[in-house]
Amino acid sequence: MPTHYEPQDTPFTNPLYGHQRNPTRLLFQHELNRYHPAPDTPGAGVYPYVVTTYRLTEHFTAGGMSRWTPYLSELQPEFFCEVGPELAAERKLEHGGWATVVTARNAVEARVLVTDRMRPLRVQGRSVHQIGMPYHWGPNGYSTGDSANELASMALDPNVHIQEVKALTADIRPGRRPRGRERVALVEEYRRRAGVTERTGTED
Amino acid sequence: MTNPEHTGEGAAVSGRDAITGAAGVVSEEQRARRGEREGGQRSGRRGGRRRGEPTRVPDADFRSYHGRPVLNQIVWEARDIGGYLFLGGLAGASSVLAAGAEVTGRPGLARPLKYTALAAISGSTAALIHDLGRPERFLNMLRVFKPTSPMSVGSWLLMGYGPLAGAAAVTAATGWFPRTGTAATIGAGALGPLVATYTAPLICDTAVPSWHEGYREMPFVFASSAAAAAGGVGLLASPTAQSGPARRVAVGGALTEVAVSSFMEHRMGLVGEPYGQGRAGALTRAAKALTLGGAAGAVLGRRSRALSALSGAALVAGSALTRLGVFQAGVQSAADPKYTVVPQRQRLEERQHSEERA
Amino acid sequence: MAADGQPSRKGFFTDTSVCIGCKACEVACKEWNQVPEDGLDFLASSFDNSGRLSADTWRHVAFIEQRQPLGHQDPGVGRPEGGAGDAPGPVDLGMPSFDLPGQRTGEDGGSGGGDFRWLMSSDVCKHCTSAACLDVCPTGALFRTEFDTVVVQEDICNGCGYCVPACPYGVIDRREVDGRAWKCTLCYDRLGDGLEPACAKACPTDSIQFGDLDELRERAERRVEDLQEAGVSSARLYGEDPGNGVDGAGAFFLLLDEPEVYGLPPDPVVTTRDLPSMWRHAGAAAVVLLAGAAAAFAGRRS
């Protein structure tokens, strides 16, 4: 029977069904694959925004081919995130500037595009902002950038083992991300604040 | 090749005003007005002026594509084309004065002016060729004669004038063929005024607002500036006994230039603004100061060679800065969409308004 | 074909109301004409990272996001009309709806109210009937082809750069590394073989239409009428009028807002129109200079 499950990382409790997430999903408990706290727990507010990933016309899948083509790379030369004006104001993001998006897995940096096309979601009587991220970038090629997939976790659907990269939660802050050890420290600081452990997110 | 208008970091604007694609907004006042308007207006037009309302200050309101200029930016180098304009004017006016000095028996005045004319026209041509993207192809200018292209007309004019100025200077320096030299001097003097003024249609025959709108006065600005410069050279290089006419031309040219250019800048209204702002404003003000100072010194230094020379130098410098100021004003006006959009939008509305009434 | 055997005038009609912003025109043009890549800069101008027409960008797709309606369209992303500074209401996901998209509009509808539209337009050289670039070119490199288009002969151009500030649309530019001026050729090399230009060929929605100019003009008139009837009151033609400032553009547009919103000049006039007057003024100034100098020399001894 059709039903609705929330994604692995979500700010909302399942409004339609008692069971929050798909009980048959495949999870991997690993140091580099921590999940986010459940929505009704104190740590959930550490990753308050929804991230949605999507494609651009100018690039193709992971950009392995399109990022090596000058004519395509110049049309979308840099990894960027799209945020609504309300979120930009809330987090002091500068249009055309840089932002760092952080999850329990990693922190990536992206240019900021402030646009009306990113609307806040209104669910269960509260407003949650969305961050849109195209996922075509990587460290190599004519056009390089951080990969949006670094933010996602490995939580696979049981049939074909596709990971959940289309919907997750994250925090966003202005400025470029730290490099090297400091980047790891940033991610760990967020995990500590959220109370993320190896068991977080593994419940139903 | 990076895009000069917008490199990423510099494009940063914050929060709500940074809606991508929103019309370019210039001031707080405009932002506030835009807020009221977005609530109501559907026509898509910034309600700057309704039909029948009195004309407001023109630069109050305009829309643009992400604040970007409409025109492509001038690719000429200020030093090259500004130099080309200044030296061409100096050459032409010097030849006119040299011819006058020649026929009225003032060799002490004629000789330095002939040398100046040759040096200046050579420098002007060299500057033009240096500015070409493919300098080795400069002779392609002589493939055609196009009256619609002031640069083409100028190239041919220089083909005629150059040898005359050259002959005038060489015969003066060597003493050979004096009668030919006199004829060449007079010929150069006849073409000189055109050499001094054709550069005005050259820059005005573009879409650059601060140049095009000044096309009526610009030739007079250039001619009088050239006269001041040539007169200045005469004051610098010739004995006071013979430099009288140069003094008169210098002072007359200087005063005319300052008067006409001030009038031009004022009459142009909105697109005259760059002449008073930024780097163009600084150059123009310095030019006027040097020109007027030089003119005053020229009047006061009637008997002093030293003061005359100083004044002459000031006048030459003032003339050079005048051209650089004009050039820079053009660059500034092409870089701001306001100067392209506002006058055209106004003109369009006036035309539509009068069509409706007709 | 005209009566004298010459091909008829060719041009573009770019109907921006169906442009989807795919930029296939930009890529096709660059591929066919071997135009160099024009800089990897993130411009933050919506999805436009090309910025403007230049020597290395001959088709430029503009993106404009506006808080305005477009006909009866409900894009579902609008903000309620709260004006500047207010935080507009978020979208109410609510329960799934069984209405057709766009059926529910307004403040109580699923969209949460407010207006939004995303204008996209592919800009190109206008191939003006009276082309300022052609008029001011001192080498004759710019010429008019048998198709009435304007083309630069790259073996003649010496890069004087005069055409650049002359163009009222900001189209032609000088290529820095090369020194010469470059712009859209309307694929002159393709027209000769009976093909349509690369951009028109690549355009998936036929936003870029190529053909005989008078036929395109007729088609455009009908399209504007259709759009107006459908409630898109902001639809208008730009550049098609043979009585305009450039005596009619060979590439004209159907726009959904004022030209300056797209980066186009509202009322461009070819600079050559004023040239006869410029020459007269220059001649007068030359006479004044001569007369002034003569007066300075007249009579006196010192």
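Author: From the N terminus on, the elements of chain B follow the order β-α-α-α-α-α-α-α-α-α-α-α-α. The model is a predicted one. In total, chain B holds 12 helices and 1 strand. Of its 358 residues, 57% are buried. Among the contacts in chain B that link residues at least 6 apart in sequence, 75% join residues at least 24 apart.

One helix pair in chain B can be described in detail. Two packed helices are described by the angle between their axes and the distance between the axes. For α2(B) and helix α3 of chain B, residues 107-131, the angle is about 155° and the axes are 7 Å apart. Angles over 145 degrees count as roughly antiparallel, and α2(B) is therefore roughly antiparallel to α3(B). The crossing in which α2(B) passes α3(B) is left-handed. Sorted by class, the contact of α2(B) with α3(B) has 16 nonpolar, 8 polar and 4 charged residues.

Next comes the side of chain B that touches chain C. Here 87 residues of chain B are in contact with 77 residues of chain C. Several helices of chain B each supply at least two residues to this side, among them α1 (28-40), α2 (78-103), α4 (150-174) and α5 (178-197). Also included are α6 (199-204), α8 (218-237), α9 (244-267) and α12 (337-357) of chain B. By class, the side of chain B that touches chain C has 40 nonpolar, 28 polar and 19 charged residues.

On to chain C itself. Its helix α1, residues 24-33, is mostly covered, with 7 of its 10 residues buried. The buried residues of α1(C) are Ala24(C), Cys25(C), Glu26(C), Val27(C), Ala28(C), Cys29(C) and Lys30(C). Within chain C, these buried residues pack against β2 (60-66), β4 (117-123), α5 (198-202) and β9 (208-212). They also pack against α1 (70-73) of chain A. Just after α1(C), Gln34(C) takes a positive phi of about 55°.

Strand β9(C), one of the packing partners of α1(C), also belongs to a sheet. In chain C, 4 strands form an open sheet in the order β9-β1-β11-β10, and the pairing is mixed. Strands β9 and β10 (236-238) of chain C stand at the edges, each with a single partner strand, so one side of each has no neighbour in the sheet. Direction ignored, neighbouring strands of this sheet are turned by 25° against each other on average. Strands of a sheet pair through backbone hydrogen bonds, either parallel or antiparallel. Strand β1 of chain C, residues 10-15, runs antiparallel to β9(C), and 5 bridges join the two. Within that pair, Lys10(C) has Asp212(C) in β9(C) as its bridge partner.

Two loop residues of chain C stand out by their backbone angles. Most residues other than glycine have a negative phi, and most peptide bonds are trans. Asp148(C) is not a glycine, yet its phi is positive, about 65°. Asp148(C) lies in the loop between β5 (142-144) and β6 (150-152) of chain C. With 17 other C-beta atoms within 10 Å, Asp148(C) is partly exposed. Cys187(C), also a residue other than glycine, has a positive phi near 45°. The loop that holds Cys187(C) is the one between β8 (181-182) and α4 (188-191) of chain C. Cys187(C) is buried, because 24 other C-beta atoms lie within 10 Å and 20 or more count as buried.

Chain A, which meets α1(C) through its own α1, has strand pairs of its own. Strand β11 of chain A, residues 167-174, is joined by 4 bridges to strand β2 of chain A, residues 49-54, and the two run antiparallel. Thr52(A) stands opposite Ala167(A) in β11(A). Strand β5 of chain A, residues 98-102, is likewise joined to β11(A) by 4 bridges and runs antiparallel to it. There the bridge partner of Thr100(A) is Arg173(A) in β11(A). Elsewhere in chain A, Ser127(A) is found in strand β8, residues 126-128. Ser127(A) counts as partly exposed, with 15 C-beta neighbours inside 10 Å. The C-alpha atoms of Ser127(A) and Tyr49(A) are 9.8 Å apart, while the two residues are 78 residues apart along the chain.

Methods:
Residues are numbered from 1 along each chain as its sequence is written. Chains are lettered from A and ligands numbered from 1 in the order in which they are written. This is a predicted model: local features need pLDDT of at least 70, side-chain atom pairs count only at pLDDT 80 or more; totals for chains, interfaces and linings use all residues. Two residues are in contact if their C-beta atoms, placed from the backbone, lie within 7 Å. Ala, Val, Leu, Ile, Met, Phe, Trp, Tyr, Cys and Pro count as nonpolar, Asp, Glu, Lys and Arg as charged, and the others, Gly among them, as polar. A residue is buried if 20 or more other C-beta atoms lie within 10 Å of its own, exposed if 12 or fewer, and partly exposed in between; C-beta atoms are placed from the backbone. Two strands pair if DSSP finds at least two bridges between them. Axes are lines fitted to C-alpha atoms, for helices over the stretch in contact, and angles run from 0 to 180 degrees between N-to-C directions. Angles under 35 degrees count as roughly parallel, over 145 as roughly antiparallel, 65 to 115 as roughly perpendicular and the rest as oblique. A crossing is left-handed if the near helix is turned anticlockwise from the far one by less than a right angle, and right-handed if clockwise.
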